Amino acid sequence: MFLVGLTGGIASGKSSVIQVFQQLGCAVIDVDVIARHVVQPGYPAHRRIVEAFGTEVLLENGDINRKVLGDLIFNQPDRRHLLNTITHPEIRKEMMKETFKYFLRGYRYVILDIPLLFETKKLLKYMKHTVVVYCDRDTQLARLMKRNNLNREDAEARIKAQLPLKDKARMADHVLDNSGEWSITKRQVPCICGTVLDRVASADVLPPQLLSA
């Protein structure tokens with residue numbers, strides 16, 4: 001069994017592509033969902049976040065206020081690194097648990113939906129293959145402005161806050177081009193599944209780094 005890391009950028013269409021993988025019966029783990037899960041009240045990461053950043057990052061019900069926490073770390077690399085040292089080990093543990101559940105059910109590979117796969121690089125070493133959902137910048141900008149009802153300046157600022165999709169595409173093993181019609185993108189997904197299986201036919205085990213995490 002092996003892991004496939006799937007990523008993209010804001011308004012690139014990654015969520016829609018993930019839905020197609022799921023419809024095809026692929027095992028998919030959303031790392032963003034895991035990240036939200038491990039910081040819930042009662043979990044070790046929640047307690048450590050409050051100790052490190054104070055109660056001002058809490059909502060009235062005790063949940064982490066993700067927007068406030070995000071604002072705190074956005075332009076402060078040291079605080080962002082501190083948050084990562086708190087959450088990443090817990091995320092890896094949960095990721096391993098979910099992966100083994102699929103392993104026990106007989107799945108050949110698991111796709112991990114990781115928004116910042118290339119930015120943080122923390123989980124990159126566990127991936128046997130990587131897939132980027134790509135679209136050209138003009139298309140990305142137009143989609144984001146329409147989807148989030150943003151003006152051009154605000155939309156461009158959000159895109160610039162991420163690693164450019166063209167850079168991610170250069171680093172990926174496979175690229176799903178979602179610049180055009182959705183019907184064209186959708187036809188690429190089964191091809192990716194087949195290509196991944198063909199190219200890693202000899203990969204029968206999880207990466208040793210994950211087993212020892």
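Residues are numbered from 1 along each chain as its sequence is written, and side-chain values use heavy atoms, with hydrogens and water left out. Because the model is predicted, local features need pLDDT of at least 70 and side-chain atom pairs count only at pLDDT 80 or more, while totals for chains, interfaces and linings use all residues.

Let's start with the helices. Helices here are DSSP runs of H or I with at least four residues, strands are runs of E with at least two, and both are numbered from the N terminus. Helix H4 covers residues 66-73 and helix H5 covers residues 77-104. Their axes lie 7 Å apart and the angle between them is about 130 degrees; axes are lines fitted to C-alpha atoms, for helices over the stretch in contact, and angles run from 0 to 180 degrees between N-to-C directions. H4 and H5 are therefore oblique to each other (under 35 degrees counts as roughly parallel, over 145 as roughly antiparallel, 65 to 115 as roughly perpendicular, and the rest as oblique). On the H4 side, Leu69, Leu72 and Ile73 make the contact, and they meet Arg79, Arg80 and Leu83 of H5 (contact means heavy atoms within 4.5 Å). Sorted by type, the residues of this contact come out as four nonpolar, no polar and two charged. For that sorting, Ala, Val, Leu, Ile, Met, Phe, Trp, Tyr, Cys and Pro count as nonpolar, Asp, Glu, Lys and Arg as charged, and the others, Gly among them, as polar.

Next come the charged pairs. The whole structure has 10 salt bridges, each one a side-chain nitrogen of Lys or Arg within 4 Å of a carboxyl oxygen of Asp or Glu. One of them joins Lys93 to Glu90, at 3.6 Å from N to O. Both residues belong to helix H5 and sit three residues apart, about one turn of the helix. Lys93 is partly exposed, at 43% relative accessible area (buried means under 20%, exposed over 50%, and partly exposed in between, with a 1.4 Å probe and protein chains only). Further along H5, Lys101 and Glu98 are also three residues apart, about one helical turn, and their side chains form a salt bridge at 3.2 Å, N to O. Lys101 is partly exposed at 48%, and Glu98 is partly exposed at 27%.

What about Glu119? This residue forms a salt bridge with Lys168, with the closest N and O atoms 2.9 Å apart. Glu119 lies in helix H6 (residues 117-120) and Lys168 in helix H9 (residues 165-171), so the pair ties together parts that are 49 residues apart in sequence. Glu119 is partly exposed at 27%, whereas Lys168 is buried at 0%.

Finally, the rings: there are three aromatic pairs. Rings of Phe, Tyr and Trp (its six-membered ring) pair if their centres lie within 6.5 Å; planes under 30 degrees apart count as stacked, over 60 as edge-to-face and the rest as tilted. Phe2 and Tyr109 have ring centres 5.5 Å apart and planes at 15 degrees, so this pair is stacked. Phe2 belongs to strand S1 (residues 2-7) and Tyr109 to strand S3 (residues 109-113), so the pair links parts 107 residues apart in sequence. Phe2 is buried at 1%, and Tyr109 is buried at 9%.
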